[in-house]
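Subject: A structure to look through

Hello,

Here is the structure I promised you. Please open it and keep it in view as you read. My notes follow below.

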Amino acid sequence: MVKDIIAKEKVIEISTVLDFKEFLKHLKEFFRRYNYDVTEEEYSTNISEGLKTTKIKWDCDRKYDDYNEAHIKVSIELGDYKEEEKLAEGNLKVKFKAEM
């Protein structure tokens, strides 16, 4: 199957404090609202010198008809973060790439 890139890779980076689980929940809800199925391809957490790094990769797909299907590849990385209660303070990087 030939895939056409319909949106070049976009990257969002920010140093922030957030409830990471809540962030992931809202992001999944966004895709489901627009009828995308979210498949988790990777989830890993590494700990180094007391700081955590979590990497997640999703393939969000939506079938339009028998011949057309859209895919949005999402890569989420929360790096060098510490967790206190529900909040994580670290560097968030989210990448999006869309294909059809």
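Let me start with the surface. The chain has an accessible surface of about 7300 Å². Carbon and sulfur atoms hold 47% of that surface. Keep in mind that this is a predicted model.

**Overall layout**

The chain has one helix and five strands. Their order from the N terminus is β-α-β-β-β-β. The C-alpha atoms fill a box of roughly 50 × 25 × 20 Å along the principal axes. The chain has 100 residues, and 28% of them count as buried. The charges come next. There are 19 positive and 23 negative ones, and their mean positions lie 2 Å apart.

Look at strand 5 (87-99). Strand 1 (residues 5-18) runs antiparallel to strand 5, and eleven bridges join the two. Strands 4 and 5 form a hairpin, with two residues between them. Glu-85 sits in that turn and has a positive phi of about 55°.

**The core**

The largest nonpolar core has 20 residues. Which of them touch the most other members? They are Phe-20, Phe-31, Trp-58, Cys-60, Val-74 and Ile-76. Helix 1 (20-33), strand 3 (51-63), strand 4 (69-84) and strand 5 each give two or more residues to this core. Strand 4 gives the largest share, six residues.

Leaving out residues up to four places away in sequence, Phe-20 touches Thr-54, Ile-56, Ile-76, Leu-78, Lys-86 and Leu-92.

Next, find Trp-58 in strand 3. Is Trp-58 buried or exposed? Its relative accessible area is 2%, so Trp-58 is buried, as the cut-off for buried is under 20%. Tyr-43 is 15 residues from Trp-58 in sequence, and their C-alpha atoms are 9.1 Å apart.

**A buried glutamate**

Glu-99 lies in strand 5. Glu-99 counts as buried because its relative accessibility is 12%. Beyond residues up to four places away in sequence, Glu-99 touches Lys-3, Asp-4, Ile-5, Ile-6, Glu-69, Ala-70, His-71 and Lys-73.

Glu-49 is in the loop between strand 2 (37-48) and strand 3. Its phi is near 55°, a positive value in a residue other than glycine. Glu-49 counts as exposed, at 81% relative accessibility.

Asp-80 is in strand 4. Asp-80 is not a glycine, yet it has a positive phi of about 50°. With a relative accessible area of 47%, Asp-80 is partly exposed.

Best wishes

How values were computed
Residues are numbered from 1 along each chain as its sequence is written. This is a predicted model: local features need pLDDT of at least 70, side-chain atom pairs count only at pLDDT 80 or more; totals for chains, interfaces and linings use all residues. Side-chain values use heavy atoms; hydrogens and water are left out. Helices (H or I, at least four residues) and strands (E, at least two) are DSSP runs, numbered from the N terminus. Buried means under 20% relative accessible area, exposed over 50%, partly exposed in between (1.4 Å probe, protein chains only). Accessible areas come from the Shrake-Rupley method with a 1.4 Å probe; for residues, only the protein chains shown count as cover. Lys and Arg count as positive and Asp and Glu as negative; His and the chain ends are not counted. The place of a charge is taken as NZ of Lys, CZ of Arg, CG of Asp or CD of Glu. A nonpolar core is a set of buried Ala, Val, Leu, Ile, Met, Phe, Trp, Tyr and Cys residues joined through side-chain atoms within 4.5 Å. Contact means heavy atoms within 4.5 Å. Two strands pair if DSSP finds at least two bridges between them.
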